[in-house]
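Colleague: I would like to learn how to read metal sites and helix packing in a model such as this one. Could we go through the features one at a time, with the general idea before the particular case?

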Amino acid sequence: HAENPDRSVAFYRLDMNEGMQQRMLIESGLRHALGNGELILHYQPKFEIGSSRLVGAEALVRWRHPVRGMVPPIEFIPLAESTGLIVQVGEWVLEQACAQAAIWQRAGLPPFRLAVNVSAREFTPSLPGRVAETLRRYRLDPHWLELEITESTLMHDIEHVIAIMDRISALGVALSLDDFGTGYSSLSYLKRFPIDTLKIDRSFTTGIPLDPSDCAIASTIIGMGRKLGHRVIAEGVETVEQLEFLRQAGCDEVQGYLYGKPLPAYEFEKSLRENWLL
Ligand code: C2E
Ligand code: CA
Ligand code: CA
Ligand code: CA
């Protein structure tokens with residue numbers, strides 16, 4: 001009854017093939033989506049706590065699949081990151097966000113900072129040039145663009161990443177550290193990153209005000225961020241209690257369902273005109 005090595009190998013291959021087939025299916029679908037206008041951006045507002053003013057918005061990508069409906073980024077961004085397709089997705093997102101910002105500014109809306117998410121794989125030496133070229137093409141002031149980068153981006157080749165960040169920062173484009181507190185970046189590097197904003201991850205906001213650890217972590221990030229001269233924003237703010245805690249702790253900005261969910265451009269603009277421009 002000795003094990004048949006060939007058989008177990010065959011099973012293993014079968015499993016792998018299924019996983020790979022699934023991935024290839026999503027990948028080719030995503031490639032098609034890029035060329036076919038199936039990707040869209042939703043926009044979520046960011047508010048300054050002190051003044052209750054809208055100070056910015058984050059662009060979040062969705063895949064409007066003809067059969068599956070609205071596919072959330074969690075179902076295709078990680079795959080796009082592992083296949084490298086994220087570079088094309090990122091190019092589309094930056095292009096689309098700048099086009100929309102130009103439309104809103106030319107329509108006479110007061111300008112606000114528009115943030116796009118940038119994955120580690122997009123963080124190449126060609127990124128600053130592409131950003132500069134896109135801003136020029138849409139005649140946008142670089143100060144109205146912000147790039148959100150996750151801590152994991154900073155774990156790759158730190159010196160290389162800092163050099164690229166410096167070039168982006170020199171353009172006048174704002175940089176924020178997304179999902180802060182969930183990665184493993186060393187605090188000693190924090191002072192070397194040319195960032196404007198620290199973004200407290202939703203996993204900490206969620207526990208406020210009942211979980212003492214989440215409260216302590218959020219307060220500490222706010223205190224440290226502000227002492228380092230950065231603005232601090234909390235994401236995932238859903239309740240008035242969370243807002244009040246963050247206000248007391250000295251947090252600068254908030255983003256979350258309490259204020260507004262991510263919305264398609266026309267709905268975002270409608271809310272902006274009706275509720276958020278006061
Ligand atoms: P993220 O950058 O941390 O974005 C915040 C996520 O939290 C968004 O999910 C947003 O819809 C959600 N959110 C905001 N406020 C609340 C709230 O009050 N409660 C709850 N429960 N959720 C809230 P979304 O849009 O599904 O995006 C998930 C992730 O996908 C993003 O996390 C980001 O890492 C990635 N992503 C989205 N768009 C892009 C993109 O254009 N490029 C790249 N590279 N990644 C993207
Ligand atoms: Ca983000
Ligand atoms: Ca997050
Ligand atoms: Ca994130």
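Colleague: Is Asp178 buried or exposed?

Modeller: In this predicted model, burial is read from the relative accessible area, and a residue counts as buried when that value is under 20%. Asp178 has a relative accessible area of 5%, so Asp178 is buried. Asn117, by contrast, has a relative accessible area of 29% and is therefore partly exposed.

Colleague: Which residues coordinate the calcium ion (ligand 2)?

Modeller: The calcium ion (ligand 2) is held by OE of Glu58, OD1 of Asn117, OE of Glu148 and OD of Asp178, at 2.2 to 2.3 Å. Along the chain, these donors follow the spacing E-x58-N-x30-E-x29-D. Because Asn117 belongs to strand S4 (residues 113-118) and Asp178 to strand S6 (residues 174-180), the pair ties together parts that are 61 residues apart in sequence.

Colleague: Which residues coordinate the calcium ion (ligand 3), and how are they spaced in sequence?

Modeller: The calcium ion (ligand 3) is coordinated through OD of Asp179, OD of Asp201 and OE of Glu235, at 2.1 to 2.6 Å, and the sequence spacing of these donor residues is D-x21-D-x33-E. Asp179 lies in strand S6, whereas Asp201 sits in the loop between strand S7 (197-200) and helix H7 (202-205), so this pair ties together parts that are 22 residues apart in sequence. As for accessibility, Asp179 is partly exposed at 22%, while Asp201 is buried at 12%.

Colleague: Turning to helix packing, at what angle do helix H3 and helix H4 pack?

Modeller: A helix pair is read from the angle and the separation of the axes, and then from the residues that meet. Helix H3 (residues 86-106) and helix H4 (residues 127-137) pack at about 30°, with their axes 10 Å apart. Angles under 35 degrees count as roughly parallel, and H3 and H4 are therefore roughly parallel to each other. H3 passes H4 in a right-handed crossing, in which Gly90, Glu91, Leu94, Glu95 and Cys98 of H3 meet Arg130, Val131, Thr134, Leu135 and Arg137 of H4. By class, this contact of H3 with H4 comprises 4 nonpolar, 2 polar and 4 charged residues.

Colleague: Which residues make the contact between H4 and helix H5?

Modeller: H4 packs with helix H5 (residues 158-170) at an angle of about 15°, the axes being 9 Å apart, and the two helices are therefore roughly parallel. H4 passes H5 in a right-handed crossing. Leu127, Pro128 and Gly129 of H4 and Ile164, Arg167 and Ile168 of H5 make the contact, which divides into 4 nonpolar, 1 polar and 1 charged residues.

Colleague: Are H8 and H9 parallel or oblique to each other?

Modeller: Helix H8 (residues 212-227) and helix H9 (residues 240-249) pack at about 40°, with 10 Å between their axes, and they are therefore oblique to each other. H8 passes H9 in a right-handed crossing, where the contact is made by Cys215, Ala218, Ser219 and Ile222 of H8 and by Phe245, Leu246 and Ala249 of H9. The contact of H8 with H9 has 6 nonpolar residues, 1 polar and no charged.

Terms used
Residues are numbered from 1 along each chain as its sequence is written. Chains are lettered from A and ligands numbered from 1 in the order in which they are written. This is a predicted model: local features need pLDDT of at least 70, side-chain atom pairs count only at pLDDT 80 or more; totals for chains, interfaces and linings use all residues. Side-chain values use heavy atoms; hydrogens and water are left out. Donors are N, O and S atoms within 2.8 Å of the metal (3.2 Å for Na, K and Ca); water is not among the atoms, so sites may look incomplete. Helices (H or I, at least four residues) and strands (E, at least two) are DSSP runs, numbered from the N terminus. Buried means under 20% relative accessible area, exposed over 50%, partly exposed in between (1.4 Å probe, protein chains only). Axes are lines fitted to C-alpha atoms, for helices over the stretch in contact, and angles run from 0 to 180 degrees between N-to-C directions. Angles under 35 degrees count as roughly parallel, over 145 as roughly antiparallel, 65 to 115 as roughly perpendicular and the rest as oblique. A crossing is left-handed if the near helix is turned anticlockwise from the far one by less than a right angle, and right-handed if clockwise. Contact means heavy atoms within 4.5 Å. Ala, Val, Leu, Ile, Met, Phe, Trp, Tyr, Cys and Pro count as nonpolar, Asp, Glu, Lys and Arg as charged, and the others, Gly among them, as polar.
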